[in-house]
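Please work through each task before reading its solution.

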Number of protein chains: 2
Amino acid sequence: MKQLISLIVMFTAFISPVSHAAEMFAGEDGYRLWLKYDRINDPVQRHQYQKQLTRIYLPGQSGTTLAIRQELTAALPHLLAKPITFISHANRANSLVIVKGTQAIQKRYGLGERFTKLTDEGFLIKALNTKQGQQTLITAKSDIGLLYGTFRLIQQLQTGKDIRQINLAESPKIRIRMLDHWDDLDRHTERGYAGQSIWDWHKLPDYKKQRYYDYARANASIGINGVALNNVNADALILTPTWLKKVAALADIFRPYGIKVYLSVKFSSPQQIGDLKTSDPNNKAVQQWWQKKAQELYHVIPDFGGFLVKANSEGQPGPGDYGRTHAEGANMLAKALKPYGGNVIWRAFVYSHEEDTERSLQAYNEFVPLDGQFADNVSVQVKNGPIDFQPREPFSPLFGAMPQTSLAMEFQITQEYLGFSTHLVYLATLFKETLDSDTYQYGKGSTVAKVIDGSNYKAGKPHLTVMAGVANIGMDRNWTGHIFGQANWYAFGRLAWDHELSAETIASDWAKMTLTNDPQAIQTIVSLMMNSRETIVNYMTPLGLHHLMGSDHHYGPAPWVDNLGRADWNPVYYHRADEQGIGLDRTATGTNAVSQYAKHWQTIFSDPKKTPETLLLWFHHLPWDYKMASGDTLWNALVKHYYQGVDDVIAMQKQWLTLKGKIDNNQFNQVRMALAIQVKEAKWWRDACVLYFQTFSQRPLPKGYKAPEKTLEYYQSLTFPYAPGQG
Amino acid sequence: MKQLISLIVMFTAFISPVSHAAEMFAGEDGYRLWLKYDRINDPVQRHQYQKQLTRIYLPGQSGTTLAIRQELTAALPHLLAKPITFISHANRANSLVIVKGTQAIQKRYGLGERFTKLTDEGFLIKALNTKQGQQTLITAKSDIGLLYGTFRLIQQLQTGKDIRQINLAESPKIRIRMLDHWDDLDRHTERGYAGQSIWDWHKLPDYKKQRYYDYARANASIGINGVALNNVNADALILTPTWLKKVAALADIFRPYGIKVYLSVKFSSPQQIGDLKTSDPNNKAVQQWWQKKAQELYHVIPDFGGFLVKANSEGQPGPGDYGRTHAEGANMLAKALKPYGGNVIWRAFVYSHEEDTERSLQAYNEFVPLDGQFADNVSVQVKNGPIDFQPREPFSPLFGAMPQTSLAMEFQITQEYLGFSTHLVYLATLFKETLDSDTYQYGKGSTVAKVIDGSNYKAGKPHLTVMAGVANIGMDRNWTGHIFGQANWYAFGRLAWDHELSAETIASDWAKMTLTNDPQAIQTIVSLMMNSRETIVNYMTPLGLHHLMGSDHHYGPAPWVDNLGRADWNPVYYHRADEQGIGLDRTATGTNAVSQYAKHWQTIFSDPKKTPETLLLWFHHLPWDYKMASGDTLWNALVKHYYQGVDDVIAMQKQWLTLKGKIDNNQFNQVRMALAIQVKEAKWWRDACVLYFQTFSQRPLPKGYKAPEKTLEYYQSLTFPYAPGQG
């Protein structure tokens, strides 16, 4: 009884609102991500897993084999609450057998075509009834396939799957699945909202932080196999010997986990660090400089992945400075890397200082004429939408328009335009919306995903398939600033591996691995995640509005900004609100951006009545009294979307509060605090935007809608000189 | 047997050199600092502690009482491996009684004078034999005294003390014991080497990180009761309403832990954020502006500590801009804070752009004439030495030279000039060297410590005693970048509380609480710590040399630099090496800095034969063939010191390696990697300095000393554009 009292006392101390001191010893601070290996609660399931998995046969001594061994050693004894034994023979009953698939093994276990069809990175997990009894087999064509299979098996346990008859065969649909870090060499991260860059360059190469290993584990667990370490607004110094030593140290840590290192390079490097007078890609000395640099690179990093390049965009140097095309620039670098198997990922996010074509048109105009001209180790990386990672954009018209070019997808995981790291926004629905979009460029069913994975590729040379995500990772203890930011990292990896997975499945897996296995709590969490993206669209940029955020730092609303150096940096350029109406006419009567899409879409996007309301103001400038499908005027509908967004965040907050006690208190509190900020900022967005647009519409709020408490002038007076992530 | 094998397998996996993945789940990453509450291994001691401490009587409901309750709840059940019970009566046997000392309690327990003499923050811990049986009493005059007493009791357990007859009475010798964070509002930390600032300003006030609470706990555990949150190179914005809300959120978290918040303020704030045309301290509008600001501040932070000010130094604005003295400037601010009990800490680290007096003389020249003019809520904060936190300096001549002024000590905990966060340097010996220095200003025995703690204060008004340390804390998981950096934070706090403690005692306490209780390992660790500071002096700046580091970033050696904007920014200004010899003549034949010291020291410092060799070249320019006490020439002695320094680091490294397996593997590896860097950089310092000074001495190395492998030109060619912490 006395002990019971003291336990009660302890428990109340742990949840005291006055101070969180005690969490230090007990709380789940988010560092373990989805790789939480706590005891499985269900005793029946745990017993079954124990029976199947505590003896392990894992031959081999490669770095990757050791990584598998370590992961199993870290995971199984805790998940199963039973020690594991590594055994030296494959033929013991009730054992987990992890072996590369030789012909003998294929035959012995009758794996057949399912094995043959695996790619180098694929794996097969199969429950076997052998002469020796029940066994669980993980096999693959490479050690890294075995590692991926191991992580998939661990995931099955974490999510409570029945593995008695497990029979999975998976190969990634995309070859290069990579994270792009926009990390500067001084550890600032452009558009980073989770603290400083995780690369502690000053202490590298000698000081190897634990976080580097855990970063590699986390990525491998979801199939990410490439990492661009530094900002695409690149510093030439990254290619100097001092820095390459640091890069090599990271590459050494990542190698056993199947992760290759890529570097963002500055196109003018030959001048900046090479003493050349030009960086013209057609200049022999320049070509030789890059070839020598590639040789030097592969000497220290034999499996170096390649270069990521932002050229002739937002002031970055590029081949255009010498009258050369993007293809000439990219191919020159590709040639230097080719002998070593390296690739060039060349960004299509370009808009020039000289050009005054409407911004959404420029990438298409510049790249489509180059179709077929890129070397086969070049992939042209296209952002999901034609502008810049907005809460909602239509898919970029480049997808499907370059049938002879390897096109890479670039998503943004970091929430530059989606509330930084205090807004709960699950991005898998956004990613899926783009991937599932049908371009109609090769007839019905030619989705963006099929463009990316090569299904619709027409060049007759090897296709380099790439999906990249701009990372949301920093030094914050929970990696991403917001616990739910982890879900976006996780979902990106899962979708890069298999774009056919549903956002809901991924949300459910993530939540079970990260937060709880309580079915009711999972239901709440998944529903909250699934609705979250539409919610932010509503309170930030409903009905196809876009680019309304504050200048430079992109924090908060500033639709009124009209004084920046370039017309297309200003929000007013995009919303075009005036006394008549609102929206940017991108039909034939306007900028004619619709012409860049397939006929199917041209017809739809040209007609406001056919255009999905979610993209209405993206394509049309419409009068304030334009009648919506609902019967509302456009003005009333716009206001209602803004208010709906806020209401929905408040509902999310309420839903979250029901989880108190059902998930770890530390995780619960982190999200609780972030949601309070999200509610505040959602109201800020709503009120600032509604007040501003009202100066044009000159119409009252719909009946029953409460006017904002503050004035437009108040919102316009706010400044944020130290908002994080400024580029 | 099977289980045994698997345990062995698990163990080997955990210490595998290939990957540290498994540490994630098991390793001691350094976050817990010295507040590790793991089970006490010695069963006899544990049993005794259990008997004495598992019933606790702790009345009261204040924030501080709750903090005590939480700390005990976090600590005791783990240390003692037994649940604890909070009881509702003070008269139970075998209980821990934590009560404020009313008269009744004084009388009941016969506490007498020892209790009466306690300051408000002091405490008394006493084992009692009462009628009810054995009890352990913690008492004090305030809740915060009880918290300090609780932390002291926990420390006794962590360090394995016998507490059966415990009888301690302690009061701090210094009233304000504070950390100065040089943290900018964009989270850059000037001279920070442990990652970004821990203040996540963007997410404050709503998002309250666990780290803030643990920071408060750590500070309270060593008696730190003040924190200046922002850089002395201050940004006026810190005083705007937006930022004060953020500051108030931190103050709320720190309050239960007895910690007051201070802010560094920019003297020109009235102009920068107040729309005034001047910041002249004699201007009425300026005075009123500060008075209104103080009112606003205390409205949101009722226990606000005060202002820390860097004025007319290194380009900062100050009263001198208007022809006013430092006293006039400080008193104007002091008057504004006075009604609320706030203080002004005014830095004496000044050197002006116009002045060409030798740098070490300037603070004394400017401040001594102002003695007696400062208000009683002003303390003038003096760096330990006359230049700038070098590996070794003599004590500043200001100590003892301003008998009617409250002088604060400013130490630097962050290792700006001592190897950043990769060199193991225990600074308590440096702190003690200054504190124990006898100024002779009031006769023999008038040590610097006595100047600071007020023993020698002559003003007849209240004395404000302050010891400040420039923090070495950042977002790195282990807080300080280097595990041993924690020891410097810890030692600073302990010495600010009681400057009579020995560096060795503090080292031993820290090591036991942080690393291990193994007596042999403790011996190794303490000896390594105790020698570490002399080692770095040897490989960086032996024999009184100083200020030889790289420009701006202060990383690595650059004694050759002679081209900076001001003469006294150049290393050559300080070492004055030429063909004749080396050193800066600060005697009467030179800059006469010796004249600022008491007669006793003037005699000693004026004569190279009497000057301690550790400070020889600080005070004298001597010929290369000057004969040292050892019989060596100065040149040979100099070279030997440099080589000795490197040898000693290598010895440290070897000593450390003997600890493998005796302390946590993660902590072991962190220090191992840092030591490898320290060895490399010690050689760099040695070789660069020896090669450079050899260009003047034109003498060979002493017999048997191996010449550096690289050339001087190589060292001179190195650049570090992204070295951390640049100001």
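Predicted model: local features only at pLDDT ≥ 70, side-chain atom pairs only at ≥ 80, totals over all residues.

**Exercise 1.** Determine what kind of peptide bond joins L204(A) to P205(A), and state where P205(A) is found.

*Solution.* Step 1: omega of the bond from L204(A) to P205(A) is near 5°. Step 2: this peptide bond is cis. Step 3: P205(A) is placed in the loop of chain A that runs between strand 7 (176–180) and helix 8 (210–221).

**Exercise 2.** Carry out the analysis for L204(B) and P205(B).

*Solution.* Step 1: the bond that joins L204(B) and P205(B) has an omega of about 5°. Step 3: in chain B, P205(B) lies in the loop between strand 7 (176–180) and helix 8 (210–221).

**Exercise 3.** Describe phi of L543(B) and of H547(B), locate both residues, and decide whether each is buried or exposed.

*Solution.* Step 1: L543(B) is a residue other than glycine, and its phi is positive, near 60°. Step 2: phi of H547(B), also a residue other than glycine, is positive and near 60°. Step 3: L543(B) belongs to the loop between helix 18 (519–540) and helix 19 (571–575) of chain B. H547(B) is likewise found in the loop between helix 18 and helix 19 of chain B. Step 4: a residue is buried when its relative accessible area is under 20%. L543(B) counts as buried because its relative accessibility is 4%. H547(B) counts as buried because its relative accessibility is 7%.

Methods. Residues numbered from 1 in each chain as written. Chains lettered and ligands numbered in written order. Heavy atoms only, no water. Helix = DSSP H or I, 4+ residues; strand = E, 2+ residues; numbered from the N terminus. Buried < 20%, exposed > 50% of the residue type's maximum accessible area, 1.4 Å probe, protein only.
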